[in-house]
Amino acid sequence: MVSTTSFKTTKSQEIFSAAQELMPGGVSSPVRAFKSVGGEPIVFDQVKGAYIWDVDGNQYIDYVGTWGPAICGHAHPEVIGALHQALDKGTSFGAPSALENVLAQMVIDAVPSIEMVRFVNSGTEACMAVLRLMRAFTGRDKIIKFSGCYHGHADMLLVQAGSGVATLGLPDSPGVPKSATANTLTATYNDLDEVKALFEQYPNEIAGVILEPVVGNSGFITPVPGFLEGLREVTQNHGALLVFDEVMTGFRIAYGGAQEKFGITPDLTTLGKIIGGGLPVGAYGGRKDIMSMVAPAGPMYQAGTLSGNPLAMTAGIKTLELLKKPGTYEQLETITKKLSEGLLQIAKDSGHATTGGYISAMFGMFFTGVPVHNFDDAKTSDLSKFTPFHRGMLERGIYLAPSQFEAGFTSLAHTEEDIDRTLAAAKEVISGIKP
Ligand SMILES: Cc1ncc(COP(=O)(O)O)c(C=O)c1O
């Protein structure tokens, strides 16, 4: 752990300053720019296990895990070893490979709703395609999403989309035509009555409901008992589809995702992050009769030059093999429980009203006394506390997501000692913040 007095980020600042002339905001994706926590982002040099090293040589315990994929720890030797072997055979085929069958079978075996799967290159692509599929299959145009849920940056889904957009204070994005979102209805997360009312208001017009079954993009928010069950029932009653966006929760909340954890089987599921083991990937899948609509089996067009890429498939296969070993999810739960409960206790002891929790390898904490069931509740969090908390942790070698509206991630590489060091840092930082 670095001491705060020796914390220097001179090289990071130089590189980031140059980057700002070269790329919008100096980054390839907005939340990385630290806009909502102030200060400048650190520039990474290397990642390994639970750790990050920046270009100034500072080491951090990482709870972002490249935004989710690094559940086995960064640069796991078995993933890297498999990639070296795959690399010798070439970087892209643009043609069928046996590796796709292997990963497809693993995904189908693991995720209850998935009988057939299509690989793409990102979570955004997966959600964009699943939307087209919902509409193609039902012959209806409207969809329901929840405020604070993020499903990638496709036009139709960029409405009340949580973290990145919220962090930048943009309610929506310019450039998204009204016509693109005209059929996107929004409801409050965990409010089943609002969803029912929308189905009453638009009979036979709604193709389906898409949601994060556990939210990570408004901070960490869990479904209240009965919410997922209710959505399953209401969609079924109205001939509409239920879609779980498990880009974040897939293979993280449980091996079979949130749908396994909560015992609710949607019609379609989107995946990303972990199933690519740190390489660009996404996927959508579900019932065979629905997936058979996808070209070339059916008429719904969707394609991709690099889809099913052999390197991404290899990293995904190895990552799932590691996760499938007995005891992995128990280990993740134990570590995350210790971290989450420790943080909440420290905050309480220092007189701060906080609320938060964890499931498996995902956690969150808000600086608010209000129970957080939706994005509006999340926004009651005191950002004037989150900002110094984030900065203080960074200066003590703990890398947290640079936004209150993001979930935290643990991995199989995090040790009890890492958690102890994290909690020791949190104690110092939180006790220095005025309640
Ligand atoms: C739930 C969810 N869906 C979709 C996406 C978009 O995935 P990607 O960033 O790979 O395009 C994300 C990204 O964080 C996500 O968390």
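Start with the aromatic rings: this predicted model holds 14 aromatic pairs (rings of Phe, Tyr and Trp, with its six-membered ring, whose centres lie within 6.5 Å; planes under 30 degrees apart are stacked, over 60 edge-to-face, the rest tilted). Local features need pLDDT of at least 70 and side-chain atom pairs 80 or more, while totals for chains, interfaces and linings use all residues. Residues are numbered from 1 along each chain as its sequence is written, and side-chain values use heavy atoms, leaving out hydrogens and water.

Select Tyr51 and Trp53. Their ring centres are 6.2 Å apart and the planes sit at 70°, so this pair is edge-to-face. Trp53 is partly exposed, at 25% relative accessible area (buried is under 20%, exposed over 50%, partly exposed in between; 1.4 Å probe, protein chains only).

Next, pick Phe375 and Phe405, another edge-to-face pair, 5.6 Å centre to centre with 80° between the planes. Both Phe375 and Phe405 are buried.

Finally, go to the ligand. Show Thr124: one of its polar side-chain atoms is 2.6 Å from a ligand oxygen (a polar contact is a pair of N or O atoms within 3.5 Å; within protein, one must be able to donate a hydrogen and the other to accept it, and residues adjacent in sequence count only if both atoms are side-chain atoms). At Gly123, a polar backbone atom sits 2.9 Å from a ligand oxygen.
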